[in-house]
Each structure stands twice: as C-alpha cells, then as structure tokens.
Amino acid sequence: DSDPGVDLIAALLAARRGDFARSLAEATAMATHATARRANNLLAAATSLQGDAVLRLGDHDQARRYFAEARQIYERIGSSGGMAATFNRDAGAHISRDQLDEAERLLNAADEIVKRIKSQALAAEIRFTRSDLARQQGRLAAARAEADAAIAAARALDDQSQTARGLNLQASVLVLEADYRGARTSFDASEAIARRIGEQAVFTTAVNGLAGIDLAQGHVADARRRLAEIIPVDRKTGDKNALALRLANLSAAFGMQGELGEAVKVASEGCAIHESLAAKKALASCHLRLAQLSLADGRREDARTLIDRIVTERGAASMPPSDLARLADLYLAIGDAKHASSTIADARRALDGRAAVSEQTLAIAITGARIDAESGRIAEARRDLGRAKSEAERLGLLPLALEARLAAAEYGAGGDARAEAAGIERDAQQAGLHLIAGKARAITRQRPVPASGSVAQK
C-alpha cells in the first residue's frame, strides 16, 4: 500500500527537476492513495500539485479546475492556509491569461487569510505572485518592492529555490527599468543557484532572461549560444509557455542576423504553441514577428494577410505598447499611413498610467518619427530620432540606436544620407546585425535623395 507522503516528495522533486509530466503522474498517484486512506489534507495537497503540473504543461482550464477542487476540500476540512495557497495558485493562472483584475481579487482574498493566520511562508509565496501582477500592470516600483521583499524572506530562511525565483522576478523588473547591468547580475545569480540545485525551470528562465538582454544590446551570438543550451531542456520539461518564450528570442536572433528562413520556422513553431494554449496576446505578438519577417523577405502579400489576422486578434486581446508600435511600423511599410498614425496613437495612450519602459518608449518614438516624416514633418522627425538615438546609445541598446540612425538616413538629404547609411551598414555588419545592414545598404544604392525638407523615396 503506497504512502501518499512518499508520493508528495516524488511529485515535488519531479517539479523541481522540471519533469512536469512525471510530477503530474506522482501527484495523481498521491491523490489516489490519499483518497483510499481518506486523508483529505493530503488529497487537497495532491490536487493542488496536479494543478501546478498541468498549468506548466499548458492546460490552464484544467489547472483552474484542480485549484477549485483543492480549495473546496480545504474549506471542508477548515484549512485556511490551504485555501490561501489555492487562491494564490489560481491568481497565477489568471495572470498567465492576462486576466489581471481577477488575479488581483484572488490575491486580496489570499492576503486577508494570511494576515489572520500570520503565515510567513504563504506571505512570501503571495509576494512572488504580487510582483508578477504588478509587473504586468506596469507598476514597476511595486513589482520591484515585492520581489526585493520575497528575496529577503527567502534568504532569511536559506531557501535557495525561492531565492533564485525571486532573483528572476527582480531581474525582469530591472530590465523594464532599463537597469541592464543590475538585471544581468540578478539573472546571473539566479542561474548559478538554479544550476547548482538542479531547478531546471528556474535555470532556463534565468538564461532566457540573459539572452533577452543580449538581443536588446545587439550581442546576438551570445544570445544564440544561451538559447542553444536551454531550448532542449525546455522541450524535455514540457512547459509549453516557457518553450514559446525561448523560441521567440531565437526567432528574433535569427532575424537580426538575416537568417530569415530559420527565423520564420522557429516563429511558426512558437505561434502554434500559443494557439494551442489559447494565449491570444502572445499569439498576436508572434504573428507580428511573422509579418515583419515576411516583409523583410519581400513577401508583401503574406505580410498583409498576417496584419489582417493580427487586427482580428487585437480585438480579442489588448496589445502591449511595444506590439502596437510594431504594428504601426508594419502599416507604414505597406503604405497604410492612416492606420499607422492611429495605431501609434494607440501605443502612446497605452503607455499612459504605466511606468516608462525605455525599450517601448524608444520603439514608439522611432516609429512615430517615421510616420511624421511620411507626413512631411521632417524637422520634427529628425529631432525625435536624434533624441531616440542618444537615449538608445546611453542605455547600450545598439539595435535601437541603429534603427534610429537608419530612419534618419531614410529621410535625410542626398550624399549625407548615403554616407550615414554606409556608416550604419559598417557598424551593423561588425555587430552581426545583418538585417539592419541590408536595410542600410539599400539606402546607399538608391538614386540621389531629394533635398532637405522633402520626403525621400523608399
């Protein structure tokens, strides 16, 4: 007769190792054995673990059913702490679906219980979820404060697993605050801890975070090296959402290096995952990537088809400011100035009430300047592009700095524009950013650019 306590340890160990299918199997066995023994507290714990595992495996609806079932058992046996834990788990499931208001309601319910029973362990768990929620809401100061508090609590208990998780959360906020050095330090620390204790999911999250910073700063070869290490790991864990995030970075890396076929292949796999998870916001973002790649590869009609699909998806899920800027840039590229202008206005409005995120702000500024230039506001466009270039260079965001320079060259005057484009091509080639280099090369091959004050033919 198996012991559900042994099953519990096996399920937790499998989850720590990133084997979520095995964790689900062990939790299911635990539930069976707990039911046979009428051990309701263990049955509730097993059901919660089943929810954790299927959430990682991509079945959000089933996860929520497990959490609801566990909560009912805890309520029946009078376990307030168990109820708070399931509220917190359920909130995490809602955050992953971008259902932030419901997540906040669940966290408030969990907080009320934790304050009454004074559980430090549960309070620390809720801090992790609150940090993630605040980050998604654009409340970066609150997100940072919750992550810092969670790390301090984990270190006080010498809980290495929780410390590594907290460092990843902290780093993700620091990226949004444009503190890339601090973010690298936190991701590096998390990676080291997770590698040492064998926590695969935490480890790959840290390495993927480092790869994201590499891409933002133009270190594409480093990003590809990191992703080559972790993508096989995430394929084995079965965490579909995590794999899709890694694939998005890999597609971006291939695209930046001009390997468009590989970029499309990887992005298409990521889109298929998002579609299977019904992750509407992520799917729209993935289709944006495919539309950009189609345009870069000269497949204008394919890009137009994808843009139409994205507009439909946009009606089903709100898009972040950075994606709205990308959509506006796509409209501009296909000659739809009207929709480009309205979409960049939407992007600016979406930033209202949110802490400024430098990468988003710069992307919006560059696209907005291109739209201004197309409308004949050349002086205003040049001024904004100059500011964007300076800020991108200050932050070490080489691809964005080159994009700002490229936009200025596109709407520049004659020989000066071609000379600037030649410089961009040289700098991009040196960094391995072959897609930007190709765009710059196209400018140098154009016929003489019209005089200052008029719009260059593209």
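Start by selecting helix α7, residues 120-137, together with α5: their axes come within 10 Å and cross at roughly 20 degrees. You are looking at a predicted model, so keep that in mind as you go. An angle under 35 degrees counts as roughly parallel, and α5 and α7 are therefore roughly parallel to each other. Their crossing is left-handed.

Next, show the side chains where these two helices meet. On α5, pick G81, A84, A85, N88, A91, G92 and I95. On α7, the partners are L122, E125, I126, T129, D132, L133 and Q136. If you colour this contact by residue class, you will find seven nonpolar, five polar and two charged residues.

Now move to S79. Where does S79 sit? Its place is in the loop that links α4 (60-77) to α5 (80-96). Is S79 buried or exposed? With a relative accessible area of 18%, S79 is under the 20% cut-off for burial, so S79 counts as buried.

**A second pair of helices**

Select residues 378-395, which form helix α20, and residues 398-410, which form helix α21. These helices pack with their axes 8 Å apart, at an angle of about 160 degrees. That angle makes α20 roughly antiparallel to α21. Here too you can look for the handedness: α20 passes α21 in a left-handed crossing.

Which residues meet at this place? From α20, display L385, A388, K389, A392 and E393; from α21, display L400, A401, A404, R405, A407 and A408. By class, the contact of α20 with α21 holds eight nonpolar and three charged residues, with no polar ones.

**A buried glycine in a loop**

For the last stop, select G432. This residue lies in the loop between α22 (414-431) and α23 (434-444). Its relative accessibility is 12%, so G432 counts as buried.

Methods:
Residues are numbered from 1 along each chain as its sequence is written. This is a predicted model: local features need pLDDT of at least 70, side-chain atom pairs count only at pLDDT 80 or more; totals for chains, interfaces and linings use all residues. Side-chain values use heavy atoms; hydrogens and water are left out. Helices (H or I, at least four residues) and strands (E, at least two) are DSSP runs, numbered from the N terminus. Buried means under 20% relative accessible area, exposed over 50%, partly exposed in between (1.4 Å probe, protein chains only). Axes are lines fitted to C-alpha atoms, for helices over the stretch in contact, and angles run from 0 to 180 degrees between N-to-C directions. Angles under 35 degrees count as roughly parallel, over 145 as roughly antiparallel, 65 to 115 as roughly perpendicular and the rest as oblique. A crossing is left-handed if the near helix is turned anticlockwise from the far one by less than a right angle, and right-handed if clockwise. Contact means heavy atoms within 4.5 Å. Ala, Val, Leu, Ile, Met, Phe, Trp, Tyr, Cys and Pro count as nonpolar, Asp, Glu, Lys and Arg as charged, and the others, Gly among them, as polar.
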